[in-house]
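Please open the model in your viewer and keep the selection panel at hand. The stops below are to be taken in order.

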Amino acid sequence: MSEMPDTGAETPQSAAAKLFDLRVLIGGLFLLYGVMLTVAGFFTSPRELAKASHININLWMGIGMLVIGGFFTAWWRLSPLRRDQPPDATGTGP
């Protein structure tokens with residue numbers, strides 16, 4: 001039956017919370033590993049390609065990882081985290 005007083009503990013989202021969004025970490029790692037694999041794929045020797053049935057897996061997986069990393073970072077940039085605003089005290093808010 002007791003009402004909880006409004007302490008104002010709800011703070012706006014900090015820059016650290018935006019920086020450590022999982023989409024940033026996952027996208028960044030995919031981009032980093034994608035660049036490394038793509039570069040490795042460009043320098044694959046014909047002998048190594050013959051071992052892999054003439055499929056340059058480093059190149060293809062690197063390109064795939066670059067696409068996935070680009071998707072995650074675009075998703076993070078185009079759709080930032082949003083917090084629902086609590087209704088104001090007068091009840092006329094959204």
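**Before selecting anything.** This is a predicted model, in which local features need pLDDT of at least 70 and side-chain atom pairs count only at pLDDT 80 or more, while totals for chains, interfaces and linings use all residues. Residues are numbered from 1 along each chain as its sequence is written, and side-chain values use heavy atoms, with hydrogens and water left out.

**Stop 1: the whole chain.** Colour the chain by pLDDT, the predictor's confidence in each residue, from 0 to 100. The mean is 81, and 65% of the residues reach 70 or more. Display the secondary structure next: the chain has four helices and zero strands, in the order α-α-α-α from the N terminus. Helices (H or I, at least four residues) and strands (E, at least two) are DSSP runs, numbered from the N terminus. Select residues 15-19, helix 1, where confidence is lowest at a mean of 67, and then residues 22-42, helix 2, where it is highest at 95.

**Stop 2: contacts and surface.** Of the contacts (heavy atoms within 4.5 Å) with a separation of 6 or more, 74% are between residues 24 or more positions apart. Buried residues make up 14% of the 94 residues, where buried means under 20% relative accessible area, exposed over 50%, and partly exposed in between (1.4 Å probe, protein chains only).

**Stop 3: aspartate 21.** Select aspartate 21 in the loop between helix 1 and helix 2. Is this aspartate 21 buried or exposed? Aspartate 21 is buried, because its relative accessible area is 10%. Its side chain makes a polar contact of 2.8 Å with the side chain of arginine 23. A polar contact is a pair of N or O atoms within 3.5 Å; within protein, one must be able to donate a hydrogen and the other to accept it, and residues adjacent in sequence count only if both atoms are side-chain atoms.

Stop 4: Select valine 67 in helix 4, residues 57-78. Valine 67 is exposed, with a relative accessible area of 56%. Its C-alpha atom is separated by 8.2 Å from that of leucine 31, 36 residues apart along the chain. Isoleucine 57, also in helix 4, counts as partly exposed because its relative accessibility is 47%.
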